[in-house]
Amino acid sequence: MSALALLLTVALPVTAAPVKPGPFATFGDWAVACDNANRCTLSTLDPEEGAPPSEVFTVMREAGSPGRWKLWLTARTDEDPFAIEIGGEQVGGPFRATPDGATIEGATAREIAAALPGARRIAVVDGTGRELARISPDGLDAALRYMDGVQGRAGTVTATIARGRKPERSVPPAPALPIVPVARPVGHPPVLTQARIKALRRRAKCPVMRGTAKAQVYSLDHVRNVVLVPCRTTGDNPTEAVFLLDKGVARPARLDATPGLDGWTRVPRVTNGSYSNGSLYSYARKARDGDCGVSQHFLWDGHLFRLIEQAQMDVCRGNTTFLNTWRVRLQTK
């Protein structure tokens with residue numbers, strides 16, 4: 001488990017599954033993360049030496065059989081159309097670019113993925129074949145082999161690297177996603193006095209802060225409200241202590257996973273926190289450039305805030321594409 005996946009299982013209702021995000025690893029110039037349903041995503045990193053590439057290449061494969069592929073090429077150039085060359089041969093394309101690059105799916109994605117193992121040269125070219133960017137293959141085979149292992153493909157005909165003779169049916173299915181009910185917020189939040197807010201900050205053991213503390217108060221139902229109290233207000237990662245106000249009585253809010261990077265505290269703290277319509281968000285950066293950290297989305301289920309999505313980038317190497325390690329299936333009441 002990575003340093004960023006600091007999620008602890010706490011006492012939960014019997015209907016809540018323990019939170020255990022998937023693994024995150026790096027191999028050479030590639031990062032790979034797999035979520036709790038064994039969907040694996042690989043993405044390029046800036047090399048530790050030399051100039052960074054002008055493209056970010058991301059490869060995703062679903063668990064189970066046959067294992068659908070989806071690829072993203074985040075172009076930092078204005079060239080359109082462009083194509084991918086692997087080993088000197090154009091594979092698929094040309095692709096039409098959008099301001100965010102290109103998304104590649106279906107048979108073309110499978111064709112490109114099949115050409116990746118053992119590649120010595122991966123390049124992005126324009127319509128005339130002129131090279132626009134070079135994508136490092138360093139660590140790619142190891143990352144693909146790692147994905148084969150996580151998804152149980154090693155030794156099967158569906159493996160990317162560790163291919164064998166075992167039939168497609170021997171690949172294990174994707175684990176079932178936890179089901180989280182959606183509770184629609186109703187009611188109107190109360191107005192808290194500055195004295196009450198300061199008392200909550202002391203209770204959360206927040207640093208002493210000068211000036212007026214502006215807490216955020218939102219209604220969850222007719223008797224319960226969530227309160228976000230400013231806690232640490234300096235630096236790139238300000239935090240907010242999260243309280244549940246139940247019939248006027250404040251207690252620490254219940255979250256089923258540790259928010260942010262600070263570890264578990266008696267009163268949970270989200271980082272760069274925000275709230276909207278039952279959703280509580282936390283985004284903690286490890287570097288000012290925003291190319292590493294952890295992003296989390298919690299949802300109120302009527303009893304506690306449940307982690308419904310986590311994405312992270314554990315290494316600070318130029319890629320701002322956070323990779324998913326936890327997701328759920330939502331159930332509307």
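The model is predicted, so to speak of local features we require pLDDT of at least 70, side-chain atom pairs count only at pLDDT 80 or more, and totals for chains, interfaces and linings use all residues. Residues are numbered from 1 along each chain as its sequence is written, and side-chain values use heavy atoms, with hydrogens and water left out.

Pockets, then. On a 1 Å grid over the protein atoms alone, where a 1.4 Å probe fits, a pocket is an open set of points with protein on both sides within 12 Å along at least five of seven lines; lining residues have an atom within 4 Å of a point. A volume is the space filled by probe spheres set on the points.

The largest pocket holds about 330 Å³. Its lining has 16 residues, with Arg61, Pro66, Trp69, Arg110 and Thr158 nearest the centre. Helix H1, residues 106–115, gives the most to that lining, four residues; helices here are DSSP runs of H or I, at least four residues, and strands are runs of E, at least two.

The second largest pocket has about 170 Å³. Residues lining the second largest pocket include Asp35, Arg39, Trp72 and Phe322. Strands E4 (55–61), E5 (69–75) and E21 (323–327) each supply at least two lining residues there.

Now the sheet. Four strands form an open antiparallel sheet in the order E7-E6-E9-E10, where pairing needs at least two DSSP bridges between two strands. E7 (89–95) and E10 (131–135) are the edge strands. Four bridges join E9 (residues 122–126) to E10, and valine 125 stands opposite glutamate 131 in E10.
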